[in-house]
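Please keep the sequence and the three-dimensional view at hand while reading.

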Amino acid sequence: MIIIIVFAAIVFIVLSSTVFKLHPLVGLLLAAIGVGVFAGLPIDKLAETIGKGFGELMSKIGLMVILGCVIGAILDKSGAAIKVADVILKLFGEKRPAFAMSVIGGIVGIPVFCDSGFIILHKLNQIVAKRTGRPLAAVALSLSGGLFATHTLVPPTPGPLSAAGNLGIADSVGLVILIGLIVSIPSLFLSTWFAGKYARNVEIVADAAVEEPVMIPENQLPPAWKAFMPIVLPILLITLASFARILDFPEVWVKWLGFFGSPLVSFLLAIFFSYSLFAEAAAERMMACFKSGIEHCGTTLVLVGAGGAFGAILKETPLKEMVSVWLLNNEMSGGYLLLIAFIIAVFFKTAQGSTTSSMVLTTSILAPLLGSLGFVTPVQITLVVMAVGSGAMVVSHTNDAWFWVVSQFTGISAKDTYRTHTILTGLQGLLSFVTTMVLYWILV
């Protein structure tokens, strides 16, 4: 019954915005209340759980969204985004901007959450689209596909890293990184192809998070190293912090690198050093960037929090316990276990929205069962991580913060985001799982 309730809630969320024309905030909150009531959760605790879920997700991503918006405004108003676009297009050639953005996304998505990476780079999408004459939606979707592929499959992002830890191969993270890179590569090409074929006619709508980029004469652009700094500095600090934990750096190093490598502090440092991008009236122009950035992220914050509220209700239901009992009562081995791992991750991802949570939930269920099912070597268990990561891609929709970041920071309507972003995440998950199965047949 609980599975039917969750499925009905997901259908309602989709129909509420596309057919009934309700604001997505209303649809998500109504779905959360409906699941809570029909699943038998205590009525007097529903409002508290919804508020707590909203607040918890906002505490994790809220400031990151705000500061990322400010960095985006800095890149725009200083001309740094134009300079970065020039360098990238010279490197890849102006005929392949979508593939260039997909590769950039794949690199950035390894150490950085895909949503924060997209927020940092969203102005770059606009500049590349304007300079090459390619549709903004196609360029943005290529970037989002690249970010999502490695974010879900390659440590040190928390999803695959937590999955490896849950399954007992924390000491083999290097193997997980290597196989994760192999599995994610086909997704980069898929993102480029899909975006070019299905996103070129998507209409960009007026939205609070999107504004026309400022075009600055070439002789007034900042030097390349300064232009890249607001993007590269957070990525570098976050990467150092992640690898300090993985490689067992001295405790004091881990502590300080963890501090400077947190998204909040690394974003603040990038903003601080961005004062050097403005040759004149730096304080006044930075103040304008803060004002513009903060004004243009309100809708995104509201929708991200609403997705967290829905996910919080799902976590109060007995879904995890039901799946555990079912697995214990149905023995399986080999490729069938990878398929079941994929399906369970798909269910949790689609139901509660968070890729990282779905990977943690699925691997915590599978962990005590792997030995009895014959999965004992690091390679075998790494392939389980890949199967879970592939399932955790399928699919990103309105209960997922990632869905709203891509929609709001590109200017794509919810309906068109379903038709492009949601379908792409599903295809990426399926292709990654197929790649995982091929590796299983080769390596095991």
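What distance should the 18 residues of helix α7 span, at 1.5 Å a residue? Helix α7, residues 136–153, should span 26 Å, and its end C-alpha atoms are 26 Å apart, which agrees. The expected span of a helix is taken as 1.5 Å times one less than its number of residues. Helices (H or I, at least four residues) and strands (E, at least two) are DSSP runs, numbered from the N terminus.

This is a predicted model, in which local features need pLDDT of at least 70 and side-chain atom pairs count only at pLDDT 80 or more, while totals for chains, interfaces and linings use all residues. Residues are numbered from 1 along each chain as its sequence is written, and side-chain values use heavy atoms, with hydrogens and water left out.

Helix α7 is largely enclosed by the rest of the structure, because 18 of its 18 residues are buried. Here buried means under 20% relative accessible area, exposed means over 50%, and partly exposed lies in between (1.4 Å probe, protein chains only). A polar atom of the T152 side chain lies 2.8 Å from the backbone oxygen of F148. Contact being defined as heavy atoms within 4.5 Å, T152 touches P160, T355, M359, G389, A392 and M393, when residues up to four places away in sequence are not counted.

The aromatic rings come next. Rings of Phe, Tyr and Trp (its six-membered ring) pair if their centres lie within 6.5 Å; planes under 30 degrees apart count as stacked, over 60 as edge-to-face and the rest as tilted. The count by this rule is 15 aromatic pairs. The pair of F259 and F260 is edge-to-face, because the ring centres are 5.0 Å apart and the planes stand at 70°. F259 is partly exposed at 42% relative accessibility, and F260 is partly exposed at 32%. F403 and W404 also form an edge-to-face pair, with 4.9 Å from centre to centre and 80° between the planes. F403 is buried at 0% relative accessibility, and W404 is buried with a relative accessible area of 2%.

Two features of the backbone remain. V394 and V395 are joined by a cis peptide bond with omega of about -15°, and V395 lies in the loop between α18 (378–391) and α19 (401–408). A281, although not a glycine, has a positive phi of about 50°.

Notes: Polar contact = N/O pair within 3.5 Å; in protein donor to acceptor, adjacent residues only side chain to side chain.
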